[in-house]
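User: I would like to go through this model with you, one topic at a time. Please keep the answers plain.

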Amino acid sequence: MTAGNIIADDGYETVIGLEVHVELATKTKIFCGCSTKFGAAVNTQVCPVCAGMPGTLPVLNRRVVDYAIAVGLALRCEITRQSGFDRKNYFYPDNPQNYQISQLYAPVCQNGRVEIDTAAGGTKAVGIHEIHMEEDAGKLIHDGAAGITYVDYNRAGVPLLEIVSEPDLRSAEEVIAYLEKLRMYIRYLGVSDCKMQEGSMRADVNLSVRPIGSTAYGTRTEMKNLNSYTAITHAIASERMRQIELLKAGETVVQETRRFDEDRGVSYSMRSKEEAKDYRYFPEPDLPGLAISGEWIARIRSAQPEFRPEKMARYRKEYDIPEYDIAVLTENRALAEIFEETAALCGQPKKAANWLMGETLRLLKEQEMEPEEICFSPAHLAALIGLVERKVINATAAKEVFAVMFAKDVDPVEYVEEKGLQQEQDAGAVRQVCEQVLKDNPQSVADYLGGKDRALGFLVGQAMKASKGKADPGMVNRLLKELLQAK
Amino acid sequence: MGLTELSAVQLGKKIAAKEIRVREALDAVFAKTDASEGKYHCFITLDKEGAYRQAEQVQERIDAGVCDSMLAGVPMAVKDNLCTAGLRTTCASKMLAQFVPPYSAAAVERLQAAGAILIGKTNMDEFAMGSTTETSAFGITKNPCAEDRVPGGSSGGSAAAVAAGEAYYALGTDTGGSIRQPASHCGLVGIKPTYGSVSRYGLIAYASSMDQIGPLAKDVTDAAAVLELLCAQDPKDAVSVKREGTNFCGALQEGVKGLRIGIPKAYFGQGISEEVSAAVLRAAEEFKAAGAVVEMFDLAYVKYAVPAYYTIADAEASSNLERYDGIKYGYRAEEYADLHGLYRKSRSAGFGTEVKRRILLGTFVLSADCYEAYYLKALKVRRLIRQAFENAFADYDVILGPAAPATAPKLGESLQDPLQMYLADIYTVSANLTGLPAICLPCGKDRAGLPIGLQLTGRAFGEEVLFRAAYTYEKIRGAWQ
């Protein structure tokens with residue numbers, strides 16, 4: 001597919017702006033005290049307020065504003081000092097009040113900017129038009145066979161941020177680079193897990209095409225709720241081609257909302273501009289205006305974390321570890337923080353990196369966990385690294401200890417003691433084991449002496465097994481060679 | 001004197017002094033409802049069983065000395081747009097005819113915590129839209145002062161219940177005059193407090209930026225006692241405020257010497273009945289005689305108040321009433337082809353004419369092509385009116401005027417010309433547009449014997465001044481009825 005290229009060979013430039021919805025990870029909903037936890041039984045996280053019962057009133061969860069300001073500051077936005085909420089009116093059963101409390105007239109953040117890396121190796125600024133806060137809707141569950149639709153309001157009232165970019169993106173690659181950048185900031189801030197598959201990050205793509213060199217924008221279409229990078233890439237390619245073909249045939253692009261069918265790889269019209277809903281926005285009368293003080297902004301600013309680009313730059317200066325390691329470790333703030341603390345405690349950055357990039361990521365993946373869920377403390381990881389370093393335990397025992405640490409954060413020193421996992425350091429005892437192994441495996445000894453070096457590996461393995469893994473493999477190797485040479 | 005002729009505070013004192021048992025007060029009230037409900041139809045729902053249950057509990061609290069409120073044990077009624085846990089709350093609409101809320105309005109909870117006995121839910125204009133209680137889906141209410149007349153609205157059932165002695169006081173709601181106008185038509189005291197003083201939680205919204213809850217009472221003392229219980233900041237209503245100056249009972253002292261009272265000239269132009277005009281101006285003279293400084297002055301933008309009010313109220317109402325869609329609760333049409341059919345049929349059949357008219361008007365003024373020309377313009381007018389009142393309160397402590405241009409209209413006359421009905425709100429809507437407190441109390445009767453109401457508007461959070469002025473006037477005026 002060529003649609004991703006910045007300069008396509010068909011003479012058209014793609015112009016894309018994004019509306020990204022991010023579900024915020026607050027404990028409670030935006031206008032009531034219900035839990036936001038994902039995956040609960042249907043309609044168990046619902047109260048009269050988020051069910052839109054008569055006479056109930058919304059009360060703003062100020063943590064949502066904290067999060068919005070934090071994201072706004074990360075995306076270098078201006079924070080709106082006199083903000084407020086507006087009602088967006090439309091009838092749909094997933095929307096209990098048939099209006100959504102959102103922000104139109106004074107969104108909380110405006111005029112921001114994000115730097116993305118381009119394919120050419122440079123960087124590019126993408127403008128952020130605005131960020132606004134709003135409530136999510138419930139979910140419809142269709143029972144096709146019975147012809148019945150059920151509504152689950154657990155998600156109704158879960159806080160969302162909508163991040164609206166300027167039409168500054170030119171390709172699917174840029175779109176993905178932009179989304180990755182947003183995701184990094186938001187995950188570093190800990191305000192959302194940004195899982196596209198679970199719907200905690202959703203993107204609407206506004207796309208138009210124009211002849212290369214033209215400065216005027218073409219007519220755009222909007223594609224809704226694309227929930228994977230693959231879907232976004234395919235939707236952009238297909239919509240771009242559709243629009244170019246229309247223009248080439250002398251037809252015009254109609255401003256409309258389209259839905260992309262990922263299975264068929266085509267999009268179809270949902271509604272045109274003429275059919276566009278009139279949302280009859282007006283200021284939400286149940287909530288007072290939202291004044292955001294300088295102190296409030298300063299409080300959020302002072303709690304902003306070090307983000308990935310700065311972190312990577314610092315790692316290059318402070319740690320002698322490969323660029324690849326830096327990239328992997330900083331991909332997630334929780335992982336990076338465990339790394340930094342562990343490295344500081346044990347003084348061995350590369351060893352710390354290896355444990356985190358190897359066993360840790362392997363176990364996380366295996367158990368479908370996120371780095372945020374890691375339970376072991378950096379102090380214990382540092383202690384484990386120390387045990388290996390001082391040859392108290394060997395690598396095999398270390399992995400075993402780590403697995404237990406990963407599961408329930410045991411103190412590795414105590415655990416090794418308790419389970420008696422220390423390496424056998426007594427050369428006499430190891431020599432005895434080796435002698436027994438040679439005696440028990442005459443064929444392998446003969447093979448080795450006959451020139452088959454590989455037989456040594458088998459003998460080492462047998463000796464390790466006989467020592468119940470406690471022997472130092474280096475010592476075993478050396479002693480076996482000595483004994484064999486003596487034969 | 002019969003038990004039901006006592007005022008709420010008088011009865012409360014007798015109950016506190018153990019001269020009267022709560023049960024006896026209820027017996028007297030229900031004897032009244034048994035006798036006159038068939039005639040007036042003040043209530044949509046009477047809850048005798050629940051009332052006696054409450055009475056037993058409150059009596060125990062009183063006997064144990066743990067309930068010392070002035071109104072403990074006093075039977076009262078609540079307008080049917082205020083939610084009452086476990087008790088049907090209809091808004092006088094077919095849409096909510098079967099709606100039983102699992103929660104109570106904060107205002108109701110406060111009164112019940114103070115030992116008030118809820119006896120039932122009063123009739124009203126559907127969703128509080130109307131000035132006569134005739135838009136109710138549950139039938140009309142007659143004015144106990146004259147059975148061929150409406151009690152006013154939208155809190156007409158509350159007003160009629162108090163006027164008929166079926167309740168000692170009642171809660172009403174006031175979005176454009178819905179407490180004060182029925183108070184005027186039924187010869188009662190009604191007050192709409194400063195916006196934000198009483199929690200709106202559990203009040204089924206008509207126009208959120210103007211809705212306030214307040215009492216309809218037999219006299220100024222009762223109104224002060226009830227409102228004092230109601231005023232409190234509520235974390236569940238984000239626009240409710242923490243306020244001071246709520247010692248309303250303490251404010252009940254005679255004396256208006258030096259009080260500066262302004263009367264807007266424009267209130268006495270076209271449209272006002274001569275008898276109402278004369279009675280209100282006579283009351284102004286009484287204030288003057290008692291030592292107040294009374295002047296006529298030019299209040300700006302008076303004629304724009306009604307159009308601005310209806311534009312904003314209908315806009316908010318069109319949105320507030322969107323939730324009644326037949327999906328979650330309330331009326332659902334029996335047959336429909338698809339989702340939009342379900343919406344259309346349920347809402348067409350569930351709402352009455354006046355409600356639908358206001359939803360359509362509100363939807364229109366918020367639509368993309370009209371938003372600026374109508375809705376935003378109305379907000380500008382609202383700001384100007386607020387400014388005009390601020391200017392007036394630089395010169396005056398109280399603004400005096402009528403509550404309605406005429407006494408209670410005959411049943412069946414008003415709905416034929418809704419525009420004329422809207423224009424009759426001219427004296428009351430400004431207090432809602434500005435959020436200012438306003439009290440209405442009787443100041444005379446017309447030749448037909450129908451009550452005429454006097455309205456006093458005060459500064460924001462200035463209810464104490466209003467109560468003092470109203471109390472003083474009540475003493476001067478002498479016994480009512």
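User: Which residue in S11(A) does Tyr12(A) stand opposite?
Analyst: Tyr12(A) faces Pro211(A) of S11(A). This is a predicted model, where local features need pLDDT of at least 70, side-chain atom pairs count only at pLDDT 80 or more, and totals for chains, interfaces and linings use all residues. Residues are numbered from 1 along each chain as its sequence is written, chains are lettered from A and ligands numbered from 1 in the order in which they are written, and side-chain values use heavy atoms, with hydrogens and water left out. Strands (E, at least two residues) and helices (H or I, at least four) are DSSP runs, numbered from the N terminus.

User: How many bridges join S1(A) and S11(A)?
Analyst: S1(A) and S11(A) are paired in the antiparallel sense over 11 bridges. Strands pair if DSSP finds at least two bridges between them.

User: And what about S1(A) and S10(A)?
Analyst: S1(A) also pairs with strand S10 (residues 159–165) of chain A, antiparallel over five bridges. There, Val20(A) stands opposite Ile163(A).

User: Why is S1(A) described as largely enclosed?
Analyst: Because 12 of the 12 residues of S1(A) are buried, the strand is largely enclosed by the rest of the structure. Buried means under 20% relative accessible area, exposed over 50%, and partly exposed in between (1.4 Å probe, protein chains only). Both faces are covered: one side includes Tyr12(A) and Val20(A), and the other includes Glu13(A) and His21(A).

User: Next, H3(A). What is its span?
Analyst: Helix H3 (residues 229–248) of chain A has 20 residues and reaches 28 Å from first to last C-alpha, close to the 28 Å expected at 1.5 Å a residue. The expected span is 1.5 Å times one less than the number of residues. Gly250(A), with a positive phi near 80 degrees, follows H3(A).

User: Which elements cover its buried residues?
Analyst: The cover of the buried residues of H3(A) includes S1, helix H2 (172–189) and S11 of chain A. Among those buried residues are Glu239(A), Arg240(A) and Leu246(A).

User: Moving to chain B, in what order do the strands of the 11-strand sheet run?
Analyst: The sheet is open and mixed, in the order S1-S3-S2-S4-S6-S5-S10-S11-S9-S7-S8 (chain B). Its edge strands are S1 (43–46) and S8 (293–297) of chain B, each pairing on one side only.

User: How do S10(B) and S11(B) pair?
Analyst: Strands S10 (438–445) and S11 (451–458) of chain B pair in the antiparallel sense over seven bridges. Lys445(B) has Pro451(B) in S11(B) as its bridge partner.

User: Now the aromatics. How many aromatic pairs are there over all chains?
Analyst: The structure holds 31 aromatic pairs over all chains. Rings of Phe, Tyr and Trp (its six-membered ring) pair if their centres lie within 6.5 Å; planes under 30 degrees apart count as stacked, over 60 as edge-to-face and the rest as tilted. Tyr267(B) and Tyr427(B) form an edge-to-face pair, 5.1 Å centre to centre with 70 degrees between the planes. These two tyrosines lie 160 residues apart, Tyr267(B) in the loop between S7 and H8 of chain B and Tyr427(B) in the loop between H13 and H14 of chain B.

User: Are those two buried or exposed?
Analyst: Tyr267(B) and Tyr427(B) are both buried. A tilted pair joins Phe297(B) and Tyr396(B), 4.9 Å centre to centre with 40 degrees between the planes.

User: What relative accessible area does Phe297(B) have?
Analyst: Phe297(B) has 10%, so this residue is buried. Tyr396(B) counts as buried too, at 6% relative accessibility.

Conventions:
Contact means heavy atoms within 4.5 Å.
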